[in-house]
Amino acid sequence: MVEVKEARMQKSLVAESLGTFWLVFGGCGSAVLAAAYPELGIGFVGVAFAFGLTVLTMAYAVGGISGGHFNPAVSLGLTVAGRFPAARLVPYIVVQVVGAVAAAALLYLIASGKAGFELGGFAANGYGDHSPGGYSLLSALLIEVLLTMFFLIIILGSTSSRVPAGFAPLAIGLGLTLIHLVAIPVTNTSVNPARSTGQALFVGGWALQQLWLFWIAPLAGGALGGLVWKFLDDAD
């Protein structure tokens, strides 16, 4: 029995790492490779949908194996809400970060193959001078906490036993799309510390200096979302 549980845990961790890899590679890849392509670029809307589609597709693909978190803030929020064992929280966060860093590394290798390549922002998250719209630290903090909180409420509500099964990935993917449509101008949208870490490691400098916010704010928002859902539906 112990060996079976360990094998299942290993598969869950691999699935989480793969899912986070896909989220970062697909979402950040769309921003780095396709968003500003002359005349045919996908822009903010395209990037927003790319992030939503990564979560939607991997939630269907491996959600049944790992739960489909792909985000430390989601794992923490689910733990606070009583939907995820606390003993698994740290291992999940570790493999999520590993998947995000691997995706950023591969994206860097691909992007740097273009003649005249310049790293630029590399889809990293930032505030102040490094916010796409020049928004302040306070603006970045507030929007990241708020949107992550609502993301957790969407996740917990759509996966509730009171909701028809099978549709949760659609609600979660579209929810993440909406979040990006709102927050890209403010912070480039994090709501996911693993996603922020992968890109910041390659940008270095300012991105690493500001990375603390994109851990603290999403984790706080995730925990708040878990608490709000426990209040709304403590019988679930």
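**Salt bridge, helix packing and surface of the predicted model**

Arg-162 is exposed, with a relative accessibility of 62%. Exposed stands for over 50% relative accessible area, buried for under 20%, and partly exposed for the range in between (1.4 Å probe, protein chains only). The structure is a predicted model, in which local features need pLDDT of at least 70 and side-chain atom pairs count only at pLDDT 80 or more, while totals for chains, interfaces and linings use all residues. Residues are numbered from 1 along each chain as its sequence is written, and side-chain values use heavy atoms, without hydrogens and water.

Arg-162 takes part in a salt bridge with Asp-233, at 2.9 Å from N to O. A salt bridge is a side-chain nitrogen of Lys or Arg within 4 Å of a carboxyl oxygen of Asp or Glu. The search of the whole structure finds one such bridge. Asp-233 lies in the segment after H9 and Arg-162 in the loop between H5 and H6, so the pair ties together parts that are 71 residues apart in sequence. Asp-233 is buried, at 6% relative accessibility. Helices are DSSP runs (H or I, at least four residues), numbered from the N terminus.

Helix H3 spans residues 72-80 and is mostly covered. Seven of its nine residues are buried. These are Pro-72, Ala-73, Val-74, Ser-75, Gly-77, Leu-78 and Thr-79. They pack against helix H4 (89-111), helix H5 (137-158), H7 and helix H9 (213-232). At the start of H3, a side-chain oxygen of Asn-71 comes to within 2.8 Å of the backbone nitrogen of Ala-73. This is a polar contact: a pair of N or O atoms within 3.5 Å, where, within protein, one must be able to donate a hydrogen and the other to accept it, and residues adjacent in sequence count only if both atoms are side-chain atoms. Just after H3, Gly-82 has a positive phi of about 80 degrees.

Positive phi values also occur in residues other than glycine. Thr-189 has a phi near 60 degrees. For Val-191, phi is positive at about 50 degrees. Thr-189 sits in the loop between H6 and helix H7 (193-203). Val-191 is found in the loop between H6 and H7. Thr-189 is buried, at 0% relative accessibility. Val-191 is buried too, at 1%.

Helix H1 covers residues 2-34 and contains Ser-30. Ser-30 is buried, with a relative accessible area of 9%. The Ser-30 side chain reaches the backbone oxygen of Gly-27 at 2.6 Å. Beyond its neighbours within four places in sequence, Ser-30 is in contact with Phe-25, Ala-35, Ile-42, Val-47 and Ala-50. Contact means heavy atoms within 4.5 Å.

Rings of Phe, Tyr and Trp (its six-membered ring) pair if their centres lie within 6.5 Å; planes under 30 degrees apart are stacked, over 60 edge-to-face, and the rest tilted. The count comes to seven aromatic pairs. One of them, formed by Phe-21 and Phe-25, is stacked, at 5.9 Å centre to centre with 10 degrees between the planes. Both residues lie in helix H1, four residues apart, about one turn of the helix. An α-helix has 3.6 residues a turn, so residues three or four places apart point the same way. Phe-21 is partly exposed, with a relative accessible area of 23%. Phe-25 is partly exposed at 21%. Ring pairs also link Tyr-108, Phe-117, Phe-122 and Phe-202 into a cluster.

The surface carries a nonpolar patch of Val-45, Phe-49, Leu-53, Leu-174, Leu-178, Leu-181 and Val-182, with about 640 Å² of accessible area together. Helix H2 (43-66) and helix H6 (168-187) are the elements that give two or more residues to this patch. H6 gives the largest share, four residues. Patches are made of residues with over 30% relative accessible area and no salt bridge; like charges are joined within 9 Å, and nonpolar side chains (Val, Leu, Ile, Met, Phe, Trp, Tyr) within 5 Å. Accessible areas come from the Shrake-Rupley method with a 1.4 Å probe, and for residues only the protein chains shown count as cover.

Val-182 lies in helix H6 and is partly exposed, with a relative accessible area of 42%. Leu-178 also has its place in helix H6, but is exposed at 52%. Leu-178 and Leu-147 are 31 residues apart in sequence and 9.6 Å apart in space, C-alpha to C-alpha.
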